[in-house]
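Hi everyone, thanks for making time. I'd like to walk you through some helix packing, so let me put the model up.

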Amino acid sequence: MQLVVILSFFAVVIAFAFAVYLYLWVKKQPSENKRIIEVSSLIQAGANTFMRREYGVLARFAGVAAVLIFLFLPEPVWNGSLLGQDGSLVRHFAMTAAYLAGTILSAIAGKIGILVATSANGRTAEGAKKDLKTAFLIGFRGGSVMGLAVVGFSLLGVMAVLLIAADATILLGFSFGASSLALFAKAGGGIFTKTADVAADLTGKVELGIPEDDPRNPAVIADNVGDVAGMGADLFDSNVAAMASALVMSQALDGGFGANTAMVFCYAALGLIASIIGIACARVGKKGNPTGALNASTYTTTAIFLVLTAIVTPLLPGFQWRIWGASAVGLIVGVVIGITTDYFTDDSKPIVQKVAHASRSGSAFTILSGVSYGFISALPAMVGIAVSALVAYMLCDPLGEGYALFGIAMAAVGMLSIVGMIISNDAYGPIVDNARGLAEMGGLGEETIRIADELDSAGNTVKAVTKGFSIGAAGLTVISLLGAYMSEVNEALSGMGKELLTGFDILDPTVFFGILIGAAIPAVFSAMLILGVDKNAQRMVGEIRRQFREIKGLKEGRKGVKPDYDTCIGIATSGALKELIPAGLVTIAATVLVGFIGGPSAIGGFLLGNIVSGLLLALFMSNAGGLWDNAKKYVEAGNEGGKGSDAHKAAVTGDTVGDPFKDTAGPSINTQITVVSLVASLLSGLFAAFSLFG
């Protein structure tokens with residue numbers, strides 16, 4: 001175990017060192033266009049202002065949550081003396097400290113996202129003036145800085161908490177801290193950016209017929225701010241949750257730090273090393289395909305990980321090939337999910353082109369076709385998650401009691417083993433999206449904008465692919481967290497002399513009660529976020545119209561006349577902060593109420609319904625939003641009538657609907673299902689003791 005910890009720490013050091021090298025390389029790239037420098041500064045200032053206010057709100061939430069955690073977890077303070085021989089006081093402090101550490105590191109991950117994106121976006125735009133190869137490398141390496149830093153922080157944090165506390169239950173507190181902050185940060189960032197994006201598209205493209213990122217539009221700065229403000233925290237959370245669920249079960253199987261725990265850390269470290277190699281090898285030719293290059297890097301990283309783990313696994317004490325097989329299945333299924341997602345969202349593939357063609361007949365057909373293909377696209381991923389869970393379960397079940405669910409947890413670890421590469425691809429998207437806007441605002445010419453559009457289209461596709469990875473891993477993670485929940489609640493039931501849970505019978509009224517409510521929560525959560533975008537965007541549309549009406553010469557682009565960008569940033573900020581807390585609290589409050597009403601069995605049903613409904617909606621919205629966005633770009637590239645045509649206006653409407661789908665509600669559900677699973681595990685003892693009908 002000590003050797004594995006050293007290997008993990010060594011991998012983290014290499015990742016941080018390589019991230020610093022890439023960041024310095026990006027900073028050395030030319031940044032000479034005065035207009036781009038000016039706009040980049042506005043984006044950076046706006047993003048920092050938004051995150052400062054958002055983190056202020058979240059700090060107050062975290063403070064209240066920390067007090068409640070200290071009072072109630074791991075067990076209520078009135079259940080015995082805090083200073084008893086069982087070290088209760090130490091455990092209460094440890095749980096609270098772990099929770100706060102999770103929130104702080106998650107917040108740092110979000111801050112890294114802003115720092116990197118605002119350094120790379122303008123340089124990527126100027127790189128596109130030279131050629132596609134240069135711009136791609138700047139954008140991808142900028143994203144890789146965040147990928148390596150976030151994974152390094154998550155692995156370092158998990159190691160520190162587990163080694164210091166020596167208690168996997170405390171690790172659940174760390175994961176809850178990361179997940180709860182990520183839930184609010186992603187929801188807030190998503191509402192912010194889509195408020196501006198929707199308003200800018202509707203008033204600019206549809207009403208006024210001006211380009212997407214025309215500097216005359218007062219919403220464009222807020223749009224670019226939002227693209228970078230929501231990154232980082234949710235990706236940090238996904239990796240922590242996958243590792244936490246596996247380590248909770250591995251410690252139970254090992255009785256402490258043993259072979260299974262060592263295998264979890266070893267695979268996470270080897271995945272980070274594989275990601276470093278894959279990132280270093282990423283290249284695209286001057287006239288190459290950015291989507292192909294990004295996908296090739298992912299496949300290369302996957303192959304490296306499988307080879308490294310196959311070599312190292314026999315060297316681990318008490319190794320089991322079946323566990324390696326479960327991890328490999330998870331990773332391979334993740335790649336398959338990525339391939340199917342690419343098919344439904346890449347504008348060089350037939351599905352996006354069919355939606356673009358349907359746009360010739362009007363926006364209703366854009367919506368109908370996009371919704372239909374979005375739902376169809378969820379099937380391969382859902383089947384993949386189901387197959388990987390089943391295969392992992394069957395592979396590891398012969399190893400003994402508890403190993404079947406541990407196998408599912410290792411499949412999630414396997415799927416997210418190359419998370420460094422996944423995050424790099426995901427962070428690449430907002431960077432090149434910003435670059436496209438900066439190229440237009442900086443007046444770099446049509447050819448530069450065309451190259452930036454090509455990079456942006458690849459970013460939309462790969463963002464959908466990485467969301468597929470994350471959602472798939474979240475599905476496997478929460479299934480394993482369901483096992484952790486059963487373990488925690490059975491420990492509490494045993495201490496009370498009550499009958500233990502062996503499963504969840506859907507014919508049991510309390511279980512069915514939980515299933516129905518759990519299935520409804522992702523839909524309600526999504527509706528609240530999308531309505532938040534809707535209400536906020538309407539306010540911003542009114543402000544944009546006011547400025548074009550009252551600021552003389554703005555519409556004509558008269559020299560020296562500038563829009564009021566700050567007011568639009570203020571509208572997006574205040575609206576996002578107003579809407580983000582209620583949506584997150586609804587999911588947590590629903591979990592607590594179901595637990596205290598129906599007891600442990602009802603919570604089991606609640607988690608089952610939440611997982612299935614949440615995965616379906618997350619996949620549908622992420623993929624539908626991606627294909628609508630790329631259908632618009634396909635039309636803007638000169639197909640189906642090109643810019644200004646009826647097909648273009650219909651495609652813009654589809655993209656406007658898809659924006660909050662793919663960048664607000666869809667990825668936030670991924671975090672929501674993790675949060676409710678962690679809340680259930682942490683409060684399982686209270687549900688067992690104080691429920692009305694359990």
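**Helix H9 and its neighbours**

Okay, let's start with helix H8, residues 259-281, and helix H9, residues 290-312: their axes come within 8 Å and cross at roughly 140°. This is a predicted model, by the way, so keep that in mind. Angles over 145 degrees would count as roughly antiparallel, so H8 and H9 are oblique to each other. Their crossing is right-handed.

Who's touching whom here? On the H8 side we have Cys 266, Tyr 267, Leu 270, Gly 271, Ile 273, Ala 274, Ser 275, Ile 277 and Gly 278, and they meet Ser 297, Thr 301, Ile 304, Phe 305, Leu 308, Thr 309 and Val 312 in H9. Sort that contact by class and you get 10 nonpolar, 6 polar and no charged residues.

Now H9 by itself. What caps its N-terminal end? That's Asn 289, with a side-chain oxygen 3.1 Å from the backbone nitrogen of Thr 291. As for length, 23 residues at 1.5 Å each should span 33 Å, and the end C-alpha atoms of H9 are 33 Å apart, so that agrees.

One more partner: helix H4, residues 132-165, packs against H9 at about 45°, with the axes 11 Å apart. That makes H4 oblique to H9, and this crossing is right-handed. Leu 132, Phe 136 and Phe 140 of H4 make the contact with Pro 290, Ala 293 and Leu 294 of H9. By class, that's 6 nonpolar, no polar and no charged residues.

Definitions and conventions
Residues are numbered from 1 along each chain as its sequence is written. This is a predicted model: local features need pLDDT of at least 70, side-chain atom pairs count only at pLDDT 80 or more; totals for chains, interfaces and linings use all residues. Side-chain values use heavy atoms; hydrogens and water are left out. Axes are lines fitted to C-alpha atoms, for helices over the stretch in contact, and angles run from 0 to 180 degrees between N-to-C directions. Helices (H or I, at least four residues) and strands (E, at least two) are DSSP runs, numbered from the N terminus. Angles under 35 degrees count as roughly parallel, over 145 as roughly antiparallel, 65 to 115 as roughly perpendicular and the rest as oblique. A crossing is left-handed if the near helix is turned anticlockwise from the far one by less than a right angle, and right-handed if clockwise. Contact means heavy atoms within 4.5 Å. Ala, Val, Leu, Ile, Met, Phe, Trp, Tyr, Cys and Pro count as nonpolar, Asp, Glu, Lys and Arg as charged, and the others, Gly among them, as polar. The expected span of a helix is 1.5 Å times one less than its number of residues. A polar contact is a pair of N or O atoms within 3.5 Å; within protein, one must be able to donate a hydrogen and the other to accept it, and residues adjacent in sequence count only if both atoms are side-chain atoms.
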